[in-house]
Amino acid sequence: MAILSENSIEPKVFLNTFLLQKKTANSWRMSTASDRISRLKSISEWIKGHQKDIQDVLFADFHKPRVETDLSEIFTVTSEINHAIKNLKAWMKPKSVSTPLPLLGTSGKIYYEPKGCALIIAPWNYPFNLAIGPLVSALAAGCPAIIKPSELTPNTSSLIEKMISELFDPSEVAVFQGESNVAQELLKLPFDHIFFTGSPAVGKIVMKAAAENLTSVTLELGGKSPVIIDQDANLKDTAEKLVFGKFINCGQTCVAPDYLLVHEKSKEKLLMELKVALKNMYDPKFDGIEKSPDLARIINDRHFERLVSSLKDGIQNGAIIEFGGKYDAPSRFIEPTLISCLSDDIILMEEEIFGPILPIKTFSMLDEAISYINGKPKPLALYYFGSNTTNSSRVIQETSSGNAMINDCVIHFLDLEMPFGGVNNSGIGKAHGHYGFLAFSNEKGVLKQRVGLNNATLLRPPYGAAAQKIVQSLIKWF
């Protein structure tokens, strides 16, 4: 599809493509598992045949290491495809439900029908994964789709457009590139489902637009995902996991640890272990982290300046840099940074960081940490490190988050058997695997009644004493 700039936008192009996909949606209602699997396989084969191209465009967009691309952009999609192919027939099969005694004689089933035309608005931080992953779910459910990739990753967005144009007719899947105005025009159309990944602020705009057409939404948002590190945590293991989870993609990950709440007696040792882990992963030859081939860069100048400004704000308000703090504007490099002694009214503690800066606060009692988390909007993820099962159970039960992990972070994104998503401010709806299939499906209940006399015929007017007794019995016993 054409790249539509702010000055050359043609709303008719959107509408025409949408109307073509409406026709496809009607015909795809009858699509078989084999039909859908064939579409998924074509994507998988294209990805495997263009692995180097995908690596190249992500490196061009923000210096993403090739192995990191393989892990976080390619594997995440191919595993999603393989999982869907393996399970799709079972997912599509109507599910029988038990019959309540008052409806004895009926039989009920749940049918999974495609919702229809889907809009996928993808972000820039994992631009391939978070555009094509939702597409896999849409196609598995039998939905055609329009994809709006991020304008901040033009090389990746162009490759996505190339892939889709080679695999699908625009009446099946189409890509529209452009600025935010393109998304605004698309949001005016009466899609049957919208899948958006991005910030809570933009998520509110998407949901408001969806409400105009009563369109269902899946909103994968974000927030400040906290980490509780209890006194009995294995600090070496904890540090290694945190460094990987926080600094993969240079911290530009929606489920990255946003800040640490560490027991006050463990802070100094944890800091030591974090520094060792950072050196081992990003500077094993002591050449300087800026020379590491394994650290991505900040996506653009605006986000670079935002992060540097947040760091300066923290320092000006008494925060202490424990490690890192260096940055270079021309290359958009920000060194992985550990910062402590933070007040709650600085930018780093008020806004989602989305970069390689990790604030560290302390607590003395678990109640204090739980209360601190509950005083903020519900996060996309919450992480607890420690061996005390009573404490870990308390954290899981007494806090609310989209997902949670015990003794690790971030990797729950890879578990396709679990729902992935946020709650309230951090998101609406779930994705991945069966949950992604359900997001693009209408679960339609179908009840079949016998012909002739049945329980319901006893409750028809004119109402008499017998009907009244039956209703009273229903109220009492059922």
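1. Start with a loop. Pro-462 lies in the loop between β20 and α16 (465-477). A cis peptide bond joins Pro-461 and Pro-462, with omega at about 0°. Keep in mind that this is a predicted model.

2. His-63 has a positive phi, near 60°. His-63 is found in the loop between α3 and α4 (66-92). Its relative accessible area is 27%, so His-63 counts as partly exposed. Cys-250 also has a positive phi, of about 55°, although it is not a glycine. Cys-250 sits in the loop between α9 (235-247) and β11. Buried or exposed? Cys-250 is buried, with a relative accessible area of 0%.

3. The largest nonpolar core has 114 residues, and Ile-132, Leu-135 and Ile-229 touch the most other members. Helix α5 (residues 129-141) gives the most to this core, with 9 residues. Leaving aside residues up to four places away in sequence, Ile-132 touches Ile-43, Val-77, Ile-160 and Met-163. Another core, of 23 residues, lies apart from the largest one. Among its members are Cys-117, Leu-119, Leu-219 and Leu-221.

4. Strand β10 (residues 226-229) is covered on both faces. Pro-226 and Ile-228 are buried on one side, Val-227 and Ile-229 on the other. β10 pairs with strand β11 (residues 259-263) in the parallel sense, over 4 bridges. Within that pairing, Ile-228 has Leu-261 of β11 as its bridge partner.

5. Now an open sheet of 3 strands. Its order is β2-β3-β20, with antiparallel pairing. β2 (95-97) and β20 (441-448) stand at the edges with a single partner strand each, so one side of each has no neighbour in the sheet. Neighbouring strands are turned by 30° against each other on average, direction ignored. β2 and β3 pair over 3 bridges, in the antiparallel sense. Ser-96 has Lys-109 of β3 as its bridge partner.

6. How many aromatic pairs are there? The count comes to 10. In one of them, the ring centres of Phe-62 and Trp-124 are 6.5 Å apart and the planes stand at 80°, so this pair is edge-to-face. Phe-62 lies in helix α3 (residues 51-62) and Trp-124 in the loop between β4 (118-121) and α5, so the pair ties together parts that are 62 residues apart in sequence. Both Phe-62 and Trp-124 are buried. Ring pairs also link Phe-62, Trp-124 and Phe-354 into a cluster.

7. A further aromatic pair joins Tyr-112 and Phe-437. This pair is tilted, at 6.2 Å centre to centre and 50° between the planes. Tyr-112 is in strand β3 (residues 107-114) and Phe-437 in helix α15 (residues 433-439), 325 residues apart, and the pair links these distant parts of the chain. Tyr-112 is buried, with a relative accessible area of 15%. Phe-437 also counts as buried, at 1% relative accessibility.

8. Last, two arginines over rings. Arg-39 lies over the face of Trp-28, at 3.7 Å from the ring centre. Arg-66 has its charged end over the ring of Phe-59, 5.7 Å from the centre.

Note on methods: Residues are numbered from 1 along each chain as its sequence is written. This is a predicted model: local features need pLDDT of at least 70, side-chain atom pairs count only at pLDDT 80 or more; totals for chains, interfaces and linings use all residues. Side-chain values use heavy atoms; hydrogens and water are left out. A nonpolar core is a set of buried Ala, Val, Leu, Ile, Met, Phe, Trp, Tyr and Cys residues joined through side-chain atoms within 4.5 Å. Buried means under 20% relative accessible area, exposed over 50%, partly exposed in between (1.4 Å probe, protein chains only). Helices (H or I, at least four residues) and strands (E, at least two) are DSSP runs, numbered from the N terminus. Contact means heavy atoms within 4.5 Å. Rings of Phe, Tyr and Trp (its six-membered ring) pair if their centres lie within 6.5 Å; planes under 30 degrees apart count as stacked, over 60 as edge-to-face and the rest as tilted. A charge sits over a ring if NZ of Lys or CZ of Arg is within 6 Å of the ring centre and within 35 degrees of the ring normal. Two strands pair if DSSP finds at least two bridges between them. Axes are lines fitted to C-alpha atoms, for helices over the stretch in contact, and angles run from 0 to 180 degrees between N-to-C directions.
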